Amino acid sequence: MPTVKYRMQLLTYILTYPFLWLLSILPDRLFYTVSDIVYILVYHLVGYRKKVVLNNLRLCFPEKEEEELLRIRKEFYKHMCDMFLEMTRTMNFSQATLEKHYRILNLETLLESEKHKSTLVLTAHYGNWEWSVILNRVIKSKGYAVYQKINNPYFDKLVRDIRSKWGAEPIHQKETVRTIVKNEKEGIRSLYGIVADQSPQKHRAKYWSNFMGHYVPIFTGPEDLARKLDLAVYFARITKVKRGYYTFELVPITLNSKATGEHEITDTFMQMTEERIRTAPAYYLWTHRRWKHRKPAEN
(Lines give C-alpha, C1' and ligand atoms only; values in the text may rest on other atoms or scores of the structure.)
Protein backbone atom coordinates (compact mmCIF):
# COMPACT_ATOMS: atom_id res chain seq x y z
CA MET A 1 0.00 0.00 0.00
CA PRO A 2 1.34 3.48 -0.87
CA THR A 3 2.21 5.56 2.16
CA VAL A 4 0.73 9.00 2.83
CA LYS A 5 4.08 10.51 1.88
CA TYR A 6 4.11 8.89 -1.56
CA ARG A 7 0.46 9.76 -2.19
CA MET A 8 1.26 13.41 -1.42
CA GLN A 9 4.31 13.28 -3.69
CA LEU A 10 2.18 11.84 -6.50
CA LEU A 11 -0.51 14.49 -5.98
CA THR A 12 2.09 17.25 -6.07
CA TYR A 13 3.48 15.86 -9.30
CA ILE A 14 0.03 15.50 -10.92
CA LEU A 15 -0.87 19.08 -10.04
CA THR A 16 2.49 20.52 -11.12
CA TYR A 17 3.27 18.62 -14.32
CA PRO A 18 0.61 20.28 -16.56
CA PHE A 19 1.95 23.72 -15.60
CA LEU A 20 5.54 22.64 -16.38
CA TRP A 21 4.51 21.18 -19.73
CA LEU A 22 2.56 24.31 -20.68
CA LEU A 23 5.49 26.45 -19.62
CA SER A 24 7.82 24.47 -21.88
CA ILE A 25 5.88 25.34 -25.05
CA LEU A 26 5.49 29.08 -24.44
CA PRO A 27 7.24 31.52 -26.81
CA ASP A 28 10.21 33.39 -25.33
CA ARG A 29 8.34 36.57 -24.42
CA LEU A 30 5.59 34.78 -22.50
CA PHE A 31 8.04 32.30 -20.95
CA TYR A 32 10.21 35.03 -19.44
CA THR A 33 7.14 37.00 -18.34
CA VAL A 34 6.22 33.95 -16.25
CA SER A 35 9.79 33.88 -14.93
CA ASP A 36 9.46 37.55 -13.91
CA ILE A 37 6.30 36.69 -11.96
CA VAL A 38 8.03 33.75 -10.27
CA TYR A 39 10.90 36.10 -9.35
CA ILE A 40 8.48 38.48 -7.62
CA LEU A 41 7.00 35.59 -5.65
CA VAL A 42 10.36 34.01 -4.71
CA TYR A 43 12.28 37.20 -3.96
CA HIS A 44 9.76 39.76 -2.73
CA LEU A 45 7.01 37.64 -1.18
CA VAL A 46 8.66 34.41 0.01
CA GLY A 47 12.19 35.78 0.42
CA TYR A 48 13.72 32.36 -0.23
CA ARG A 49 17.18 32.20 1.41
CA LYS A 50 17.80 35.92 0.92
CA LYS A 51 19.94 36.08 4.08
CA VAL A 52 22.02 33.08 2.98
CA VAL A 53 22.66 34.67 -0.42
CA LEU A 54 23.63 38.04 1.04
CA ASN A 55 25.93 36.46 3.63
CA ASN A 56 27.65 34.43 0.89
CA LEU A 57 28.14 37.56 -1.21
CA ARG A 58 29.57 39.47 1.77
CA LEU A 59 32.01 36.63 2.45
CA CYS A 60 33.22 36.46 -1.15
CA PHE A 61 33.23 40.16 -2.02
CA PRO A 62 34.26 42.05 1.14
CA GLU A 63 35.57 44.86 -1.04
CA LYS A 64 32.15 45.64 -2.56
CA GLU A 65 29.72 48.17 -1.13
CA GLU A 66 26.48 46.88 0.37
CA GLU A 67 24.46 48.59 -2.36
CA GLU A 68 26.31 46.67 -5.05
CA LEU A 69 25.87 43.37 -3.18
CA LEU A 70 22.13 43.97 -2.97
CA ARG A 71 22.06 44.67 -6.72
CA ILE A 72 23.93 41.40 -7.41
CA ARG A 73 21.50 39.55 -5.17
CA LYS A 74 18.51 40.81 -7.16
CA GLU A 75 20.17 39.90 -10.45
CA PHE A 76 20.95 36.45 -9.06
CA TYR A 77 17.33 35.74 -8.14
CA LYS A 78 16.14 36.83 -11.60
CA HIS A 79 18.70 34.53 -13.19
CA MET A 80 17.93 31.66 -10.80
CA CYS A 81 14.23 31.76 -11.73
CA ASP A 82 15.14 31.87 -15.44
CA MET A 83 17.55 28.96 -15.12
CA PHE A 84 15.30 26.59 -13.20
CA LEU A 85 12.35 27.30 -15.46
CA GLU A 86 14.58 26.91 -18.53
CA MET A 87 15.08 23.29 -17.57
CA THR A 88 11.41 22.68 -18.41
CA ARG A 89 11.95 23.95 -21.97
CA THR A 90 14.05 20.89 -22.69
CA MET A 91 10.81 18.89 -22.58
CA ASN A 92 9.71 20.34 -25.91
CA PHE A 93 12.78 22.04 -27.39
CA SER A 94 14.00 20.59 -30.66
CA GLN A 95 17.73 20.00 -31.04
CA ALA A 96 17.99 22.87 -33.54
CA THR A 97 16.25 25.28 -31.15
CA LEU A 98 18.41 24.33 -28.19
CA GLU A 99 21.57 24.64 -30.28
CA LYS A 100 20.59 28.25 -31.05
CA HIS A 101 20.13 28.99 -27.35
CA TYR A 102 23.16 27.00 -26.17
CA ARG A 103 26.21 27.23 -28.42
CA ILE A 104 29.10 24.80 -27.86
CA LEU A 105 32.59 26.24 -28.38
CA ASN A 106 35.95 24.48 -28.88
CA LEU A 107 34.24 21.19 -29.67
CA GLU A 108 36.99 20.10 -32.09
CA THR A 109 39.51 19.64 -29.27
CA LEU A 110 37.15 17.34 -27.38
CA LEU A 111 36.27 15.32 -30.49
CA GLU A 112 39.96 14.70 -31.09
CA SER A 113 40.85 13.71 -27.52
CA GLU A 114 37.85 11.38 -27.10
CA LYS A 115 39.28 9.20 -29.86
CA HIS A 116 41.97 8.13 -27.40
CA LYS A 117 40.41 8.11 -23.92
CA SER A 118 37.31 8.72 -21.85
CA THR A 119 36.53 12.21 -20.63
CA LEU A 120 35.36 14.12 -17.58
CA VAL A 121 33.63 17.44 -18.29
CA LEU A 122 33.56 19.40 -15.03
CA THR A 123 31.26 22.33 -14.52
CA ALA A 124 29.99 24.41 -11.59
CA HIS A 125 26.60 25.65 -10.46
CA TYR A 126 27.01 28.58 -12.81
CA GLY A 127 24.96 29.91 -15.72
CA ASN A 128 22.75 27.15 -17.09
CA TRP A 129 24.42 23.78 -16.63
CA GLU A 130 21.23 21.81 -17.35
CA TRP A 131 21.26 22.46 -21.09
CA SER A 132 24.75 20.97 -21.40
CA VAL A 133 23.06 17.59 -22.09
CA ILE A 134 22.93 18.72 -25.75
CA LEU A 135 26.64 17.83 -25.86
CA ASN A 136 25.63 14.20 -26.12
CA ARG A 137 24.30 14.78 -29.65
CA VAL A 138 27.70 15.76 -31.03
CA ILE A 139 30.13 13.40 -29.29
CA LYS A 140 31.11 9.88 -30.32
CA SER A 141 31.50 8.55 -26.76
CA LYS A 142 28.69 7.23 -24.59
CA GLY A 143 27.43 10.16 -22.52
CA TYR A 144 26.57 10.17 -18.80
CA ALA A 145 25.12 12.98 -16.70
CA VAL A 146 25.88 12.67 -12.98
CA TYR A 147 23.10 14.02 -10.78
CA GLN A 148 21.85 14.15 -7.20
CA LYS A 149 18.67 12.21 -6.57
CA ILE A 150 15.45 14.16 -5.91
CA ASN A 151 13.40 13.05 -2.91
CA ASN A 152 10.14 13.01 -4.86
CA PRO A 153 10.47 9.89 -7.10
CA TYR A 154 8.04 11.27 -9.70
CA PHE A 155 10.00 14.48 -10.19
CA ASP A 156 13.21 12.45 -10.05
CA LYS A 157 11.98 10.40 -13.01
CA LEU A 158 10.92 13.58 -14.84
CA VAL A 159 14.38 15.09 -14.43
CA ARG A 160 16.01 11.84 -15.58
CA ASP A 161 13.75 11.79 -18.65
CA ILE A 162 14.56 15.43 -19.46
CA ARG A 163 18.30 14.89 -19.09
CA SER A 164 18.24 11.71 -21.18
CA LYS A 165 16.24 13.26 -24.04
CA TRP A 166 19.29 13.42 -26.31
CA GLY A 167 20.72 10.08 -25.30
CA ALA A 168 22.80 10.92 -22.21
CA GLU A 169 22.34 8.40 -19.41
CA PRO A 170 21.68 10.00 -16.00
CA ILE A 171 23.54 8.27 -13.18
CA HIS A 172 23.19 8.95 -9.49
CA GLN A 173 26.21 10.47 -7.77
CA LYS A 174 26.72 7.28 -5.74
CA GLU A 175 26.85 5.20 -8.94
CA THR A 176 29.56 7.30 -10.58
CA VAL A 177 32.72 5.50 -9.44
CA ARG A 178 31.31 2.05 -10.11
CA THR A 179 30.07 3.07 -13.57
CA ILE A 180 33.34 4.69 -14.66
CA VAL A 181 35.53 1.84 -13.41
CA LYS A 182 33.26 -0.75 -15.06
CA ASN A 183 33.26 1.09 -18.40
CA GLU A 184 37.04 1.47 -18.39
CA LYS A 185 37.51 -2.24 -17.67
CA GLU A 186 35.19 -3.10 -20.54
CA GLY A 187 36.78 -0.58 -22.91
CA ILE A 188 33.63 1.53 -23.28
CA ARG A 189 34.77 5.02 -24.31
CA SER A 190 32.59 7.44 -22.32
CA LEU A 191 32.08 11.07 -21.37
CA TYR A 192 30.87 12.03 -17.89
CA GLY A 193 29.39 15.44 -17.09
CA ILE A 194 29.85 16.33 -13.42
CA VAL A 195 28.86 19.44 -11.46
CA ALA A 196 31.94 19.38 -9.26
CA ASP A 197 31.86 22.44 -7.00
CA GLN A 198 29.84 20.82 -4.21
CA SER A 199 31.04 21.05 -0.65
CA PRO A 200 31.81 17.66 0.93
CA GLN A 201 30.73 16.97 4.48
CA LYS A 202 33.31 18.32 6.90
CA HIS A 203 34.17 14.95 8.44
CA ARG A 204 34.73 13.51 4.96
CA ALA A 205 36.83 16.37 3.64
CA LYS A 206 40.24 15.17 2.43
CA TYR A 207 41.42 18.47 1.02
CA TRP A 208 40.97 22.14 1.89
CA SER A 209 41.90 24.98 -0.42
CA ASN A 210 41.28 28.63 -1.19
CA PHE A 211 38.02 29.37 -2.97
CA MET A 212 36.73 32.94 -3.24
CA GLY A 213 39.04 34.09 -0.45
CA HIS A 214 38.29 31.36 2.10
CA TYR A 215 39.78 27.97 2.86
CA VAL A 216 36.97 25.47 2.39
CA PRO A 217 36.69 21.69 1.94
CA ILE A 218 37.01 20.75 -1.72
CA PHE A 219 35.52 17.70 -3.45
CA THR A 220 38.39 15.73 -5.06
CA GLY A 221 36.49 12.72 -6.43
CA PRO A 222 36.77 13.69 -10.13
CA GLU A 223 40.53 14.20 -9.86
CA ASP A 224 41.01 10.89 -8.05
CA LEU A 225 39.22 9.06 -10.86
CA ALA A 226 40.96 11.01 -13.62
CA ARG A 227 44.45 10.33 -12.27
CA LYS A 228 43.76 6.68 -11.53
CA LEU A 229 42.22 5.93 -14.95
CA ASP A 230 44.05 8.60 -17.00
CA LEU A 231 40.89 10.37 -18.19
CA ALA A 232 40.94 13.59 -20.18
CA VAL A 233 39.51 16.47 -18.11
CA TYR A 234 37.75 19.57 -19.45
CA PHE A 235 36.29 22.63 -17.76
CA ALA A 236 32.91 23.79 -19.07
CA ARG A 237 33.17 27.59 -19.18
CA ILE A 238 29.55 28.75 -19.34
CA THR A 239 28.80 32.35 -20.33
CA LYS A 240 25.38 33.96 -20.26
CA VAL A 241 25.28 35.99 -23.48
CA LYS A 242 21.81 37.38 -22.87
CA ARG A 243 18.55 36.18 -21.37
CA GLY A 244 17.95 32.61 -22.55
CA TYR A 245 21.20 32.38 -24.54
CA TYR A 246 24.50 30.83 -23.41
CA THR A 247 27.83 29.60 -24.68
CA PHE A 248 29.40 26.40 -23.40
CA GLU A 249 33.16 26.44 -23.99
CA LEU A 250 35.19 23.26 -23.50
CA VAL A 251 38.53 24.26 -21.96
CA PRO A 252 41.09 21.45 -21.48
CA ILE A 253 42.37 21.13 -17.91
CA THR A 254 44.57 18.17 -18.86
CA LEU A 255 44.65 15.50 -21.54
CA ASN A 256 47.20 13.50 -19.53
CA SER A 257 45.87 13.16 -15.99
CA LYS A 258 48.48 10.66 -14.85
CA ALA A 259 51.18 13.27 -15.42
CA THR A 260 49.53 15.85 -13.14
CA GLY A 261 50.50 16.54 -9.55
CA GLU A 262 48.27 15.89 -6.56
CA HIS A 263 45.36 18.39 -6.43
CA GLU A 264 46.50 20.05 -9.67
CA ILE A 265 43.28 19.18 -11.50
CA THR A 266 41.11 20.16 -8.55
CA ASP A 267 42.90 23.48 -8.02
CA THR A 268 42.69 24.35 -11.71
CA PHE A 269 38.98 23.59 -11.79
CA MET A 270 38.31 25.73 -8.70
CA GLN A 271 40.42 28.59 -10.06
CA MET A 272 38.51 28.52 -13.36
CA THR A 273 35.22 28.46 -11.45
CA GLU A 274 36.30 31.44 -9.36
CA GLU A 275 37.26 33.36 -12.52
CA ARG A 276 33.73 32.79 -13.89
CA ILE A 277 32.13 33.96 -10.65
CA ARG A 278 34.23 37.11 -10.37
CA THR A 279 33.54 37.99 -14.00
CA ALA A 280 29.74 37.89 -13.57
CA PRO A 281 28.80 36.95 -9.98
CA ALA A 282 25.00 37.05 -10.44
CA TYR A 283 25.03 33.76 -12.37
CA TYR A 284 26.42 31.54 -9.59
CA LEU A 285 24.08 29.52 -7.36
CA TRP A 286 24.47 31.54 -4.16
CA THR A 287 21.64 29.77 -2.30
CA HIS A 288 24.00 26.86 -1.54
CA ARG A 289 25.76 26.98 1.83
CA ARG A 290 29.09 26.56 0.07
CA TRP A 291 31.07 28.40 2.76
CA LYS A 292 29.42 26.82 5.80
CA HIS A 293 32.72 25.16 6.75
CA ARG A 294 35.73 27.40 6.32
CA LYS A 295 39.04 28.41 7.78
CA PRO A 296 40.79 31.78 7.36
CA ALA A 297 42.46 32.05 3.94
CA GLU A 298 46.21 31.56 3.99
CA ASN A 299 48.83 33.06 1.70
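A: The structure holds 19 salt bridges, a salt bridge being a side-chain nitrogen of Lys or Arg within 4 Å of a carboxyl oxygen of Asp or Glu. This is a predicted model, in which local features need pLDDT of at least 70 and side-chain atom pairs count only at pLDDT 80 or more, while totals for chains, interfaces and linings use all residues. Residues are numbered from 1 along each chain as its sequence is written, and side-chain values use heavy atoms, with hydrogens and water left out.

Among the salt bridges is the one between Lys64 and Glu68, whose closest N and O atoms are 3.3 Å apart. Lys64 counts as partly exposed because its relative accessibility is 23% (buried is under 20% relative accessible area, exposed over 50%, partly exposed in between, with a 1.4 Å probe and protein chains only). Glu68 is also partly exposed, because its relative accessible area is 30%.

Another salt bridge joins the side chains of Arg227 and Glu223, at 4.0 Å from N to O. Arg227 and Glu223 are four residues apart in helix α9, residues 221-229, and are therefore separated by about one helical turn.

The salt bridge of Arg278 with Glu274 has its closest N and O atoms 2.9 Å apart. Both Arg278 and Glu274 lie in helix α10, and the four residues that separate them amount to about one turn of the helix. Arg278 is partly exposed because its relative accessible area is 37%. Glu274, with a relative accessible area of 18%, is buried.

Salt bridges can also be traced through a group of residues. Asp36, Asp82, Lys240 and Arg243 are linked in a network of this kind.

What about a charged residue without such a partner? Arg73, in helix α4, is buried yet has no salt bridge. The nearest side chain of opposite charge to Arg73 belongs to Glu66, 7.3 Å away (Lys and Arg count as positive, Asp and Glu as negative; His and the chain ends are not counted). Leaving aside neighbours within four places in sequence, Arg73 is in contact with Tyr43, Lys50, Val53, Leu54 and Leu57, where contact means heavy atoms within 4.5 Å.

Lys142 is found in strand β3, which covers residues 142-147. Lys142 has a relative accessible area of 34% and is therefore partly exposed. Beyond the neighbours within four places in sequence, the residues in contact with Lys142 are Asn136, Glu169, Ile188, Arg189, Ser190 and Leu191. Glu186 is 44 residues from Lys142 along the chain, and the C-alpha atoms of these two residues are separated by 13 Å.

Some loop residues complete the picture. Asn256 has its place in the loop between β9 and α10. Asn256 is partly exposed because its relative accessible area is 39%. Apart from neighbours within four places in sequence, Asn256 is in contact with Lys117 and Asp230.

His263 lies in the loop between β9 (245-254) and α10 (264-279). The phi of His263 is near 70°, a positive value in a residue other than glycine. Why is that worth noting? Most residues other than glycine have a negative phi. His263 is buried, because its relative accessible area is 18%.

Asn106 is not a glycine either, and its phi is positive, at about 60°. Asn106 is found in the loop between β1 (102-105) and α6 (107-113). Is Asn106 buried or partly exposed? With a relative accessibility of 30%, Asn106 counts as partly exposed.

How values were computed:
Helix = DSSP H or I, 4+ residues; strand = E, 2+ residues; numbered from the N terminus.
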